[in-house]
Amino acid sequence: MTRKFNFYAGPAIIPFPVLEQIEKEMKDYKGIGLSLIETSHRSKEYEEVHNAAMTLLKELLKIPNHYQILFLGGGATMQFGMIPLNFLTKEKSCDFTLTGSWAEKAYKDAKKIGKVNVVFDGKSDKYMKLPAAATLKANPDSVYLHMTSNETIGGIEWPDWPDTGKVPIFADMSSDIMSRPLPIEKFGLIYAGAQKNLGPAGVTVVIIRQDLLALCPDTLPAYLNYNTHAKDNSLYNTPPVFSIYALKLVLEWVKNQGGVNAMKALADKRASMLYQVIDESNGYYSCPVDKASRSKMNIVWRLPSEEKETKFVDEAKKLGMLGLKGHKSVGGCRASIYNAMPVEGVMALADFMKDFQKKN
Ligand code: PMP
C-alpha cells in the first residue's frame with residue numbers, strides 16, 4: 001500500500017497511527033467480541049471513550065471547570081443556526097466579524113434570528129486582510145462577538161484575539177482548533193466540526209461557558225437547546241460514536257506528540273516552508289493574503305495562469321500529493337496542512353513547487 005500526501009481541506013488527514021489503531025480494534029474492541037461501533041452508547045466501554053475524549057480536550061486546551069464540552073451532530077453549520085437560536089431574539093443583538101465565506105454563512109443565519117452589528121467587514125479587501133485584533137470593539141449590549149478563527153477557503157487566520165470586556169467571543173474554530181494554545185477565558189463558546197484537526201466528520205465539538213446555559217430558552221426543540229446536551233453529558237440521544245471514538249484516539253496522539261505547543265511549533269514550521277517558496281518565487285507563485293493574516297492551516301496561492309494551475313494540480317497528483325486544488329469559489333491552489341500532516345509531506349510539496357517553477 002502506498003499512502004499519499006493528503007492536502008484536502010476536510011475531511012482531511014488523520015494521524016496514521018490512529019488509522020492503524022482503528023483497524024486493529026474495529027472487529028473486536030478490547031476483547032468484548034464486538035466492535036465499539038456496534039455496542040450501546042450506554043455501555044461501560046463506550047462511556048469510557050466518551051468521557052476520556054472530553055477529559056483529553058480539557059487537558060490539552062487547558063479548559064477550566066466552568067466550561068462544558070458537548071459532542072453534537074449537524075456539523076459546524078448547525079452551530080451557525082443553533083447559536084442565534086439559543087442566544088438571540090429579535091430584540092437581542094450580537095457582533096460579527098466578516099472575514100470570508102464561513103463567517104458570511106454564520107452571519108446569514110444569525111441575521112434571521114436577531115440583530116447583528118458588523119464590527120469588521122473584510123469584503124472590500126476581498127477578505128484578504130484582517131485588522132489588528134486589538135482594534136476590534138464589542139458593543140456592550142451584544143450577547144457575543146462572533147469570529148471565525150481561520151477561514152478555510154480564503155486562507156486567512158486571526159493571529160490573536162481582541163479584548164471584548166464582558167462580551168464573550170463565540171468562535172468557529174473548525175479549521176484551526178488544537179493547532180495553538182487558546183486564552184479560553186476570552187471565549188463564551190467555541191465550536192468546531194471534527195473533520196480537520198480532530199478526526200473524522202460526524203461530531204462537532206462545542207465548548208461552552210456554563211453560566212451561558214441559563215440564557216438558552218426552553219421554547220426550543222430539545223436537540224436544538226444546548227441545555228439538553230449539557231444536562232445529559234451529550235448522551236441525550238445517540239451520539240456519533242465512531243467519530244467520538246476516533247476523536248479520542250486523535251487527542252491521545254496529540255498528547256503523545258507534546259500537546260498544543262508542539263502542534264503550534266509544527267504548524268509554524270510547515271506553514272513557513274510553503275510561504276517561503278511562494279515569497280522567493282519572484283512572483284511566479286503569489287499568495288493573495290496579507291502577510292500578517294496568513295493562515296498556518298490552509299495555504300492558498302495562485303500561479304501565472306489557470307492553465308498552469310490545472311497542470312500543477314495534475315502533476316502533483318501523479319506524484320502522490322492530493323487535494324491541492326483551491327476551493328471552487330476562489331480558484332487557485334490550496335494546501336491544507338493540518339496537525340497530522342508530516343513535515344515530509346510539506347517538504348515534498350515545497351520541492352515540487354520549486355521544480356515545477358523551473359520547468360514551467
Ligand atoms: N466553518 C469552517 C471554518 C469550515 O471550514 C467549515 C467546513 N469546511 C464549516 C464551518 C462547515 O462545517 P461543516 O461542514 O462541519 O458543517
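I began with salt bridges (a side-chain nitrogen of Lys or Arg within 4 Å of a carboxyl oxygen of Asp or Glu), and my count came to 15. The model is predicted, so I took local features only at pLDDT of at least 70 and side-chain atom pairs only at pLDDT 80 or more, while totals for chains, interfaces and linings use all residues. Residues are numbered from 1 along each chain as its sequence is written, and side-chain values use heavy atoms, with hydrogens and water left out.

A reminder to myself: side chains of opposite charge can pair when their charged atoms come close.

**Helix 7.** I looked up Lys 264 and Asp 268, whose side chains form a salt bridge at 2.8 Å, N to O. They sit 4 residues apart in helix 7 (residues 259-279), so about one helical turn separates them. Helices here are DSSP runs of H or I with at least four residues, strands are runs of E with at least two, and both are numbered from the N terminus. For accessibility I call a residue buried under 20% relative accessible area, exposed over 50%, and partly exposed in between (1.4 Å probe, protein chains only). Lys 264 is partly exposed at 31%, and Asp 268 is partly exposed at 27%.

**From helix 7 to a loop.** Next came Asp 279 and Arg 294, bridged at 3.0 Å, N to O. Asp 279 belongs to helix 7 and Arg 294 to the loop between helix 7 and strand 11 (298-301), so this pair ties together parts 15 residues apart in sequence. Asp 279 is partly exposed at 39%, whereas Arg 294 is buried at 13%.

**Two more entries.** Glu 309 bridges to Arg 302, with the closest N and O atoms 2.8 Å apart. Here Glu 309 is buried at 6%, while Arg 302 is partly exposed at 28%. I also noted a network of salt bridges linking Glu 157, Asp 176 and Arg 180.

**Rings.** Which way do the planes of Phe 352 and Phe 356 lie: stacked, edge-to-face or tilted? I pair rings of Phe, Tyr and Trp (its six-membered ring) with centres within 6.5 Å, calling planes under 30 degrees apart stacked, over 60 edge-to-face and the rest tilted. That rule gives 16 aromatic pairs. The centres of Phe 352 and Phe 356 are 5.8 Å apart and their planes are at 55°, so I logged the pair as tilted. Both lie in helix 9 (residues 343-359), 4 residues apart, about one turn of the helix. Phe 352 is buried at 5%, and Phe 356 is buried at 1%.
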